[in-house]
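Here is a friendly briefing to read with the model open beside you. It goes topic by topic, with cut-offs given along the way.

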Amino acid sequence: MKRSARILICLGAMTVGALAGWLLRSSRAATAPVISSPDKTGAAAASTAARRSQAQSAAEELAAQFHLTKGAERWLLLITAAEKARAADMPRLLDLADGNEAIVRMLSTRWAELSPRHMFDSLLARMVEDRRGDSTLFEVLLTEWMKRDPSALIAALSDTSGRPGINHLWLEQQRGYVVSQLMKTDPVAALAQMAAWGINRHRPDLRPLEKWIADNPGRASTLATSIDATVANEEVLRIIGKAWAQTDPAAALAFASNLPAAQRYAFSGSAISDWAKQDLKAATAFIAAQNDPGYRGHLAGPLIEAWAAGDPGAAFAWSQENVKGAARAQSINSVVKAVAARSMDEATALVNGLETGQTKQLAVNALLETLVKNFDPFRPDPAARDAALAWLSTLADKEAAKQALEKSTWKLFNNDPDAARAFLSGPHADIAPAALWFKAASEMAKQNPASAMESLPGVPAEHQQQATSTVLNTWMSMQPDAATAWVVNLPAGERRTTAFKEIARSIAWFPDAQAARMLEALPAADRPLAREAIHSATLPPERRARLLEALR
Amino acid sequence: MIQVRIMSLFSRRSPSASPVSAMTDAALVAAARGGRKEAFVEIVARFQPLVCAVAYQRTGSLQSGEDVAQETFVTAWRKIGELREPEKLRAWLVRIAGALAVDHLRRDKASRREPLTDEADFAAAGMLPDEAAAAHDEEALVWSTLESLPESYRLPLILHYREGQSAAQVAEALELSEDAVKQRLSRGRDMLREKLSGLVEGVLRRRVPSTVFVLTVAAAIGALTAPAVVAAGAFTAGATAAAASSTTAPVLTAMKASKATLAAAAAIAVVSVPAGYAVRGWQEPPAVLVNAGVAPAKPAPKKPDFSESALYAEWRRLHEEHQPVPQAMPALYAAIAGLNDPFRRRAFRSALIAEWAETDPQAAWKFFTGPGGSVERSYQLMHEWLTLDAQAAVTALLSVTGREASYPEFFKDISRHAPERLPEVLAKSPKSQAWDTRAEDAFALMAEKDLGFARATAEGIAGPWRERALNGVMREWAEKDGPAAMAWAQSQPEGAARDEWIRQTLTGWAKQDPIAALDRVDQVPPGGNENSSSDTASRVLGIAAERDFDATLRWLQEHPGKVGSQSLTALGNVVASHFLADPAGFAEFLRSNDTGGVLKSAVQSALLNDAYSCKAPLWEWVNRQPASDPTAKDIREHLLRSAAWYEPEQALKWMAELPDSPEFAPLTLSIAESLQNKGTDISHQTEMLAAMPAHLRTALLRSGFALMRPETARDIPHALTQYNALPVGERSLVAGGLASQWAHDDPEAAIAWAATLSADERLKATEGVVGSWATYDSMAASQWITELPPGAERDAAAKVLSMSISEAEPESAWRWSVSIQDPAVRAETLPWAYAQWHRRDPAAAAQAFEEANPTPAEREAALKFIKP
């Protein structure tokens with residue numbers, strides 16, 4: 001090789017090397033944005049940014065390692081990172097969890113340990129920003145903070161009132177949880193806190209209170225006499241009254257007599273039941289001596305139920321003589337329930353033997369209530385429902401069965417439309433109440449409204465009209481144009497006229513502009529009918545005038 | 001090709017090895033496993049276009065796509081030993097790229113990086129602000145256009161334009177025929193041309209992956225040391241230029257001829273790199289901080305180092321104490337359970353479960369699912385095990401009977417790690433409630449990774465889970481390609497399943513094209529359950545409004561009858577967000593824009609929920625508006641109603657601010673009624689009354705009596721005091737309410753009280769007594785009415801009795817209605833009583849009706865009740 005060629009090669013290599021360096025720097029400059037430059041933000045900002053950058057780099061390094069490790073090594077990586085982390089690092093660490101519940105719990109436990117207030121403020125800020133609360137993180141925070149520093153937690157939750165972006169009910173739920181926790185260690189303080197926060201929807205768990213009193217029954221009377229009446233809600237008073245009655249029912253009820261009416265009722269309901277079991281004669285005499293008929297009736301229910309377990313006839317007879325108003329009529333409930341607790345067959349025979357009328361109806365209602373008492377509408381147990389319906393269908397008085405079922409329709413069928421449909425097409429449809437037919441019509445309207453309209457002839461004649469109205473109104477509330485078009489295209493006749501009036505009345509309740517535009521879109525030939533419907537609808541006069549104007 | 005030259009560089013460094021460029025994929029894998037890094041670099045070079053295209057397609061960003069592609073190769077290098085079928089290298093890389101793209105998107109979302117906002121930022125990034133913005137917009141535009149294409153057209157376009165591959169290469173990469181590729185490219189171009197093909201093609205060409213891509217990966221896997229990377233880059237760059245010019249050919253020939261010269265040249269090149277680097281640096285503004293997270297060439301992460309950790313030391317100590325063998329796990333677990341520190345206990349327990357999953361998962365599973373086990377721990381174990389050995393984990397999961405209810409907890413992980421086994425798990429899972437969408441979510445995830453596979457898997461399921469699985473697939477499919485998903489769903493046999501698939505399609509589609517989805521909301525029955533936001537339009541509206549609120553609002557205004565009032569409530573969440581972001585601003589928007597009432601129910605829902613928390617600025621805004629302003633009126637009413645529900649004291653405070661004028665009287669009364677929601681008893685009402693200005697007391701008292709319930713009327717003497725505090729003219733309005741509650745406990749006393757009242761009050765009180773009494777003892781009530789002298793009071797009592805018992809005792813109710821003497825009262829009562837009896841016994845009712853000689857008005861009204 002010639003010397004000149006070698007020189008050329010070396011020069012070329014040098015150029016290529018320099019070019020590579022230049023390209024490398026260019027490539028970095030083009031792809032890596034600079035956070036700040038000193039001339040713009042100054043040295044202090046640069047220093048802060050440098051720390052932030054370092055933290056970010058460390059976090060990214062960790063993230064990279066996290067994604068390349070697994071199993072125990074990954075956990076150790078996280079644990080050691082959490083060990084070194086400051087509170088401010090925790091959100092970034094939690095991002096790594098990617099929904100892994102175990103990781104979330106572990107890291108949030110650490111965060112709550114490092115700085116619960118920082119965690120609380122961060123979670124609230126995130127909730128305000130994202131409009132979503134992370135329930136696991138809050139649960140861990142509240143649990144851990146409650147163990148370490150309940151006063152600080154209570155102060156933090158108190159500071160949060162009225163903060164923009166914080167849902168009122170959510171806040172009450174968190175406070176309810178704190179009160180529940182506090183109740184385990186200091187029920188009196190918990191009750192005071194509950195009153196201070198005005199908790200009335202997310203009632204805390206009061207079982208610790210029951211246990212606290214049960215551990216030392218003397219506490220019931222002390223608490224009852226020391227507690228501020230405005231602090232105690234009815235449930236608390238019920239618990240105290242029940243606990244006190246176990247040791248000294250007479251004293252408990254005597255104490256209750258001096259309470260304001262609402263508290264007196266709450267306090268004494270359970271107390272009388274226990275007293276009746278201990279000393280029926282004394283309890284009966286106490287009730288009979290009460291002057292207020294309402295209070296007497298209130299106390300009679302539990303007494304009769306306790307008494308009827310042994311002697312239903314005597315209990316019932318006493319109630320007819322000593323109780324007034326609705327309580328007297330409803331004492332049959334207590335008797336039937338007491339008999340049913342002993343034998344369902346015996347209770348059924350008792351009900352069948354009653355003369356048709358309100359007493360019998362109340363008795364049937366009470367028995368069905370007993371049968372479905374534990375039925376959970378959100379986790380329906382088909383076997384329990386079938387058993388209750390089968391029992392109901394054996395009653396000779398079908399009307400009484402239907403009316404009793406009406407009261408339990410929501411509980412039995414609301415969350416199970418399939419079961420409702422099956423019942424209505426089954427052998428016991430004759431005891432189906434009107435509400436169930438309408439519910440089924442509404443469900444069918446959602447699933448297939450046109451087909452629901454076609455299947456209405458299967459609905460008993462007496463419910464036809466309202467079922468039609470239900471289907472059309474359900475449809476109109478979700479797809480007004482589609483419902484209107486379906487009705488408009490029906491062949492002329494009574495059915496079309498009825499349906500058309502129904503939709504016109506429905507449109508009348510839409511927002512003004514929407515209603516006007518929908519009415520204007522109706523076929524010209526149908527406008528007189530629409531006017532007729534709007535004339536006869538119950539509407540504010542100005543609204544009626546506006547709608548009629550749209551139909552001109 | 002540049003990559004081939006890199007290979008040749010390596011082959012010179014490893015003269016004994018066979019040339020990697022000629023190797024098959026399987027051979028490359030074998031060589032890479034054997035430690036030949038140059039073989040892996042060849043893999044990078046060979047599959048870079050495909051992997052970059054897949055990553056771009058999944059991330060929707062050229063830069064992110066490149067990052068993901070690099071990460072893909074680094075991951076592949078680490079895991080090359082795990083590749084079971086080396087000949088399926090291509091598919092394996094695509095899977096890794098897909099998974100990492102998903103991770104990347106998630107991380108990207110989570111990290112919420114701050115955008116470049118400052119001029120200096122842009123300058124430092126090498127762009128002018130306008131250029132940067134334009135580049136960003138351009139890229140977003142390209143992606144949104146490409147996104148609108150079906151997947152089968154999108155990938156070939158990306159490979160062809162961005163990666164510069166020929167149709168043949170695209171065909172090879174995608175395992176399609178060349179004709180099919182040409183057809184797709186042509187069709188894809190046609191589709192793009194309609195919109196902005198020129199821009200798309202241009203941008204894709206301009207954004208070809210940088211030449212340092214392969215080198216970066218090579219560096220990351222340790223195939224090159226840092227200076228060598230630079231040197232190799234230099235050579236590569238030079239060689240690329242050389243390949244393009246015939247004048248450089250002799251140089252390469254000369255190099256081949258002399259190893260010494262070659263070595264010297266390489267050394268010179270390496271030495272020259274810093275000079276070039278420095279020269280480039282002089283041209284840059286003085287950058288002090290580099291955000292390493294955004295740089296494309298990420299350094300390989302270091303191995304975790306636990307040496308300085310006290311926790312790790314404790315962890316080791318525990319292991320040493322209990323022997324690091326699988327059999328020691330239960331004892332270790334017990335030792336950890338005994339730790340006092342909650343963080344340490346929880347952390348070690350979780351780490352131990354992970355370790356146990358690695359060392360002896362079967363035993364661990366038995367331990368946690370056996371007597372005394374823990375559901376929470378068994379869940380963690382199963383999650384860990386699924387990531388390590390999904391097949392064995394699924395088998396173990398299915399082997400334990402009685403735990404079927406827990407299966408949904410693992411649907412997502414199974415979808416990730418053993419998707420083919422999800423149908424088997426579903427088949428054994430109990431039926432779930434409609435609100436439990438874990439099966440749907442698992443299939444959506446599967447479809448996100450591989451739509452074809454997810455569809456085939458879902459369609460292959462027999463039984464009820466098929467519908468749920470396809471729900472998830474449709475949702476995801478529609479996000480990618482709404483029209484195609486919709487066409488498929490509509491082609492299915494009619495029925496509830498098809499309807500739900502269409503709904504899922506619409507919800508997925510709404511995320512990409514809200515208007516297209518909204519246009520089709522009435523192509524399927526509304527569906528939904530008791531939840532008012534669960535019908536089709538609610539579901540689509542909620543998503544559409546989040547995606548593009550203005551467009552959704554415009555659409556609603558243009559289509560007044562497409563969506564009903566119930567569905568419109570679904571906008572409540574988005575409306576709440578707007579209120580929270582700028583309470584007065586959004587109120588002003590509502591006031592100044594005629595929204596045609598479509599937001600009315602949403603505003604109400606928002607103010608009853610989250611937006612109530614911005615009550616202060618909203619109340620202030622309301623007070624600045626004229627009293628007659630309809631928007632302010634609505635907001636005022638909703639705020640007051642929510643306050644009455646949540647914070648009665650706040651409501652009372654605001655009510656006190658309302659002017660004492662007839663204009664506000666209806667609102668005052670209505671809010672007073674809302675205040676009774678709290679279960680207000682008389683004593684509580686007393687507190688409220690004390691806080692009320694005089695002019696509002698009447699409203700509160702009226703509502704209190706009107707909404708009295710037995711449990712709130714326990715102190716009759718006190719109630720009577722309140723009654724007497726009312727102006728005389730107002731008393732007859734509430735006498736019925738008080739009498740009704742009193743009669744619940746003591747009808748005789750209530751009657752006696754009624755007898756002391758003025759005529760108007762007595763009439764209302766009598767109605768109240770009978771209405772209450774008849775519900776529990778109609779016989780006694782009837783007896784009392786029978787003894788009343790004829791007159792207005794008796795007629796009023798008979799009317800109420802008839803109405804009260806018409807359903808339970810229709811014949812008796814009919815008789816009472818006929819006994820009414822006042823024609824007007826009878827006309828109000830008789831038709832209804834007849835209709836109720838007619839329902840039970842039409843013949844008897846009809847005969848009795850004729851015998852009663854009804855007036856024409858009664859006849860007309862009766863017929864209306866029976867058949868309008």
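Buried means under 20% relative accessible area, exposed means over 50%, and partly exposed lies in between, with a 1.4 Å probe and protein chains only. Helices are DSSP runs (H or I, at least four residues), just as strands are runs of E of at least two, and both are numbered from the N terminus. This is a predicted model, in which local features need pLDDT of at least 70 and side-chain atom pairs count only at pLDDT 80 or more, while totals for chains, interfaces and linings use all residues. Residues are numbered from 1 along each chain as its sequence is written, chains are lettered from A and ligands numbered from 1 in the order in which they are written, and side-chain values use heavy atoms, leaving out hydrogens and water.

**Helix α20 of chain B**

- The buried residues of α20(B) are R377(B), S378(B), Q380(B), L381(B), M382(B), E384(B), W385(B) and L386(B).
- Helix α20 of chain B covers residues 375-388, and its 14 residues should span 20 Å at 1.5 Å a residue; the expected span is 1.5 Å times one less than the number of residues. Its end C-alpha atoms are 20 Å apart, which agrees.
- Where α20(B) starts, a side-chain oxygen of S374(B) comes within 3.4 Å of the backbone nitrogen of E376(B).

**Around Q193(A)**

- Q193(A) belongs to helix α10 (residues 187-197) of chain A.
- With a relative accessible area of 15%, Q193(A) counts as buried.
- Leaving aside residues up to four places away in sequence, Q193(A) touches I154(A), V179(A) and L182(A); contact means heavy atoms within 4.5 Å.

**Aromatic pairs**

- Over all chains, the structure holds 37 aromatic pairs. Rings of Phe, Tyr and Trp (its six-membered ring) pair if their centres lie within 6.5 Å; planes under 30 degrees apart count as stacked, over 60 as edge-to-face and the rest as tilted.
- F255(A) and F267(A) have ring centres 5.3 Å apart and planes at 55 degrees, so the pair is tilted.
- F255(A) lies in helix α14 (residues 249-257) of chain A and F267(A) in helix α15 (residues 261-278) of chain A, so the pair ties together parts 12 residues apart in sequence. Both F255(A) and F267(A) are buried.
- The rings of W475(A) and W486(A) are also tilted, because their planes stand at 55 degrees, with centres 5.9 Å apart.
- Y333(B), W356(B), F367(B) and F368(B) are linked into a cluster by ring pairs.

**Charges over rings**

- R74(A) places its charged end over the ring of F66(A), 4.1 Å from the ring centre. The criterion is NZ of Lys or CZ of Arg within 6 Å of the ring centre and within 35 degrees of the ring normal.
- The charged end of R264(A) sits over the ring of Y295(A), 4.8 Å from its centre.

Methods. Polar contact = N/O pair within 3.5 Å; in protein donor to acceptor, adjacent residues only side chain to side chain.
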